[in-house]
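Please find below a short note on the structure, arranged as numbered points.

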Amino acid sequence: REIPRHWYAPEYPIFIGEFATKFHRGWPDLRKADVEQVISTRLRSLAEKGYPAAFLWSARATDEATEWTQSEIGDTVAYLGARSGGAGKDVV
């Protein structure tokens with residue numbers, strides 16, 4: 001199911017709870033757009049829909065929805081750096 005646009009008032013923001021760090025089932029709206037479903041693409045999609053925050057699942061979990069390798073970390077840090085004007089480049 002596609003994630004709807006954030007439609008609440010800014011003083012009552014909604015955030016996205018945990019979403020998989022590993023490509024798990026895919027997001028229908030990203031599948032339709034035929035884009036790579038990496039963390040940064042999913043975060044960008046949420047930001048474009050107006051969500052101010054999202055939580056990634058999970059740095060320490062060992063389930064089928066988790067993959068937190070240097071690739072995922074690098075992708076996430078690059079996204080955060082781009083969103084903050086480069087401030088994310090020093091995140092470890």
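1. Contact is taken here as heavy atoms within 4.5 Å; helices (H or I, at least four residues) and strands (E, at least two) are DSSP runs, numbered from the N terminus. The model is a predicted one, in which local features need pLDDT of at least 70 and side-chain atom pairs count only at pLDDT 80 or more, while totals for chains, interfaces and linings use all residues. Residues are numbered from 1 along each chain as its sequence is written, and side-chain values use heavy atoms, with hydrogens and water left out.

2. Helix pair. In α2, the residues Ile39, Ser40, Leu43, Arg44 and Ala47 meet Glu72, Asp75, Thr76, Tyr79 and Arg83 of α3. By class, this contact comprises four nonpolar, two polar and four charged residues (Ala, Val, Leu, Ile, Met, Phe, Trp, Tyr, Cys and Pro count as nonpolar, Asp, Glu, Lys and Arg as charged, and the others, Gly among them, as polar). The axes of α2 (residues 39-48) and α3 (residues 70-83) cross at roughly 35° and come within 8 Å; axes are lines fitted to C-alpha atoms, for helices over the stretch in contact, with angles from 0 to 180 degrees between N-to-C directions.

3. Salt bridges. The whole structure contains two salt bridges, each defined as a side-chain nitrogen of Lys or Arg within 4 Å of a carboxyl oxygen of Asp or Glu. In one, Glu2 pairs with Lys32, with the closest N and O atoms 2.6 Å apart. Because Glu2 lies in the segment before β1 and Lys32 in helix α1 (residues 28-33), the pair ties together parts that are 30 residues apart in sequence. Glu2 is partly exposed at 37% relative accessible area, whereas Lys32 is exposed at 65%; buried means under 20%, exposed over 50%, and partly exposed in between (1.4 Å probe, protein chains only).

4. A second pair. Asp29 forms a salt bridge with Lys49, the closest N and O atoms being 2.5 Å apart. This pair links distant parts of the chain, with Asp29 in helix α1 and Lys49 in the loop between α2 and β2 (54-57), 20 residues apart. Asp29 and Lys49 are both buried.

5. Ala65. This residue sits in the loop between β2 and α3 and is buried, with a relative accessible area of 13%. Leaving aside neighbours within four places in sequence, Ala65 is in contact with Ala20, Thr21, Lys22, His24 and Trp57. Ala65 and Leu80 are 15 residues apart in sequence and 21 Å apart in space, C-alpha to C-alpha.
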